[in-house]
Protein chains: 2
Amino acid sequence: MSNSVTLYDLQLASGCTISPFVWATKYALKHKGFDIDIIPGGFTGIVERTNGFSDRVPVIVDDGHWVKDSWAIAEYLDGKYPDRPMLFEGDSMKVLTRFIDSWLWATAIRPWFTCYILDYHNLSHAHDQPYVRESRERLFLGGRRLEDVVADRDERLPLVPPQLQLFRDLLKDTPWLGGDHPNYADYRALAVFLWVGSVATTPPLPDDDPLKDWLDRCFDLYGGLGRHPGMHTLFGLQEVAEKAAA
Amino acid sequence: MSNSVTLYDLQLASGCTISPFVWATKYALKHKGFDIDIIPGGFTGIVERTNGFSDRVPVIVDDGHWVKDSWAIAEYLDGKYPDRPMLFEGDSMKVLTRFIDSWLWATAIRPWFTCYILDYHNLSHAHDQPYVRESRERLFLGGRRLEDVVADRDERLPLVPPQLQLFRDLLKDTPWLGGDHPNYADYRALAVFLWVGSVATTPPLPDDDPLKDWLDRCFDLYGGLGRHPGMHTLFGLQEVAEKAAA
């Protein structure tokens with residue numbers, strides 16, 4: 001039996017993963033000790049790539065079993081491989097992970113989306129860009145043009161980091177959301193920051209953000225899994241703001 | 001060996017517990033299958049009541065062992081009685097419970113405190129009221145009088161329930177924060193609502209709040225532990241607002 005699992009990725013033109021769901025799945029597979037066979041690809045053609053199995057990624061193929069949806073994949077991995085390090089501690093940790101995940105989406109992804117959606121578009125594969133523009137403008141932006149949505153982002157970006165204080169406070173008292181070691185709660189939260197790093201042509205967090213300690217330790221896991229060359233730095237928001245004011 | 005644990009309470013004049021930390025401890029003791037010997041008392045005289053052991057409650061005495069601090073008490077109970085139902089599932093659930101707890105403090109207790117602090121004072125034992133007024137005005141209200149702080153609460157109370165939507169959404173997909181059964185994550189979150197119920201002379205939540213399902217099931221646990229006769233209803237905010245507008 002192979003120790004590799006096939007993963008259908010969602011990538012930008014740089015090859016860097018953009019989807020937070022794929023990022024969480026990459027860390028989950030590494031946590032379980034698997035090598036990953038990446039099937040590259042962008043926003044379009046997913047149904048064709050997966051032979052009709054899914055119109056969304058992540059999708060994995062493990063020893064012939066096809067599984068979709070990041071949360072279902074994590075549960076599948078723990079269920080099938082309980083002898084390997086567990087992603088979930090139990091049902092309560094699952095419930096509470098969904099809470100911190102939904103809080104991070106509301107607090108960070110929602111405002112960052114409207115700051116970085118033009119980068120998100122421009123960094124996509126050229127053949128994905130018409131789909132990205134049309135679908136995002138229609139589904140998430142009320143028909144507004146990407147260029148208009150991001151126009152005032154320099155004023156809005158500094159409003160986000162203070163909203164993350166509860167998360168910063170939590171990480172003062174523990175090295176990982178998993179306790180003494182990272183688990184799926186860490187990967188799920190981390191995926192929010194990997195998503196923004198994949199598209200942030202200007203940094204979302206200040207250089208002295210205390211989140212840097214946890215983020216750097218997360219990026220370093222599994223041979224520096226989070227340090228793809230297409231990733232942008234998360235830190236330096238203050239310096240950019242100061243430079244703009246100078 | 002007795003199956004009872006002694007608990008030093010923090011009560012209003014009605015005998016209803018006010019402290020969210022004591023509430024969480026009451027549920028924790030019942031979860032572990034213990035009977036509770038309550039030592040009644042209010043905000044003042046705690047050092048004397050506990051023979052110098054602590055200036056804060058909860059304090060428990062279990063088979064001659066004195067333990068203080070609600071979190072430490074919960075950990076003590078799981079550590080000493082692992083054969084009884086566990087309060088904690090593991091380290092990650094502890095970390096994530098601290099997160100949802102701190103979110104509820106920021107989102108609910110902080111605004112409700114400045115809506116209900118005069119009730120909180122008026123419902124206290126008469127001999128506690130000078131201490132409650134002086135300490136709360138000085139420590140938490142920047143020297144403002146309780147009466148001035150609550151003056152505009154009718155405008156502020158309706159702002160709180162919408163902020164709880166992430167918590168409502170979470171409880172759509174699970175009966176308990178513990179998963180299939182309640183655990184310390186439920187008790188910790190519940191304690192926020194028991195605290196407000198102990199002081200809320202006007203309801204904090206709308207009558208049709210979907211949180212009512214989980215709250216009612218929590219109140220019913222352990223023979224209706226949360227249904228003390230000194231407790232106020234949490235539901236009816238909309239009706240009060242409509243009556244005021246009529």
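In this predicted model, helix α4(B) provides the largest share of the lining of the second largest pocket, namely 7 residues. The model being predicted, local features require a pLDDT of at least 70 and side-chain atom pairs count only at pLDDT 80 or more, whereas totals for chains, interfaces and linings use all residues. Residues are numbered from 1 along each chain as its sequence is written, chains are lettered from A and ligands numbered from 1 in the order in which they are written, and side-chain values rest on heavy atoms, with hydrogens and water left out.

The second largest pocket has a volume of about 1,000 Å³. A pocket is an open set of points, on a 1 Å grid over the protein atoms alone, with protein on both sides within 12 Å along at least five of seven lines; a cavity is a set of points where a 1.4 Å probe fits but cannot get out, and lining residues have an atom within 4 Å of a point. Grid points are joined across faces, edges and corners, and a volume is the space filled by probe spheres set on the points. The lining of the second largest pocket comprises 29 residues, with B:F21, B:R56, B:W105, B:R136 and B:F140 nearest its centre. In chain B, α1 (20-31), α3 (70-80), α4 (91-123), α5 (129-139) and α10 (184-199) each contribute at least two residues to this lining. By class, 18 of the lining residues are nonpolar, 4 polar and 7 charged, where Ala, Val, Leu, Ile, Met, Phe, Trp, Tyr, Cys and Pro count as nonpolar, Asp, Glu, Lys and Arg as charged, and the others, Gly among them, as polar.

The largest pocket has a volume of about 1,500 Å³. Its lining holds 41 residues, of which A:P20, A:F21, A:W105, A:I109 and A:F140 are the closest to the centre. Contributions of at least two residues each come from α1 (20-31), α3 (70-80), α4, α5 (129-139), α8 (160-163), α9 (165-170) and α10 (184-199) of chain A, together with α9 (165-170) of chain B. Helix α4(A) supplies the largest share of the lining of the largest pocket, 11 residues. The lining of the largest pocket consists of 23 nonpolar, 7 polar and 11 charged residues.

Helix α4 of chain A spans residues 91-122, and its end C-alpha atoms are only 40 Å apart, short of the 46 Å that a straight helix of 32 residues would reach at 1.5 Å a residue. The expected span is 1.5 Å times one less than the number of residues. A bend of about 60° is located in α4(A) at A:Y116, the bend being the angle between axes fitted to the seven residues ending at a position and the seven starting there.

One cavity of 30 Å³ or more was found.

Over all chains, 39 aromatic pairs were identified. Rings of Phe, Tyr and Trp (its six-membered ring) pair if their centres lie within 6.5 Å, and planes under 30 degrees apart count as stacked, over 60 as edge-to-face and the rest as tilted. The pair A:Y27 and A:Y187 is tilted, because the ring centres are 5.5 Å apart and the planes stand at 35°. A:Y27 belongs to helix α1 and A:Y187 to helix α10 of chain A, so the pair ties together parts 160 residues apart in sequence. Both A:Y27 and A:Y187 are buried. In chain B, B:F113 and B:F140 form an edge-to-face pair, 5.6 Å centre to centre with 80° between the planes. B:F113 lies in helix α4 and B:F140 in the loop between α5 and α6 (146-150) of chain B, so this pair ties together parts 27 residues apart in sequence. B:F113 is buried at 14% relative accessibility, whereas B:F140 is exposed at 52%. A:W23, A:Y27, A:Y187 and A:Y222 form one aromatic cluster.

Key:
Helix = DSSP H or I, 4+ residues; strand = E, 2+ residues; numbered from the N terminus. Buried < 20%, exposed > 50% of the residue type's maximum accessible area, 1.4 Å probe, protein only.
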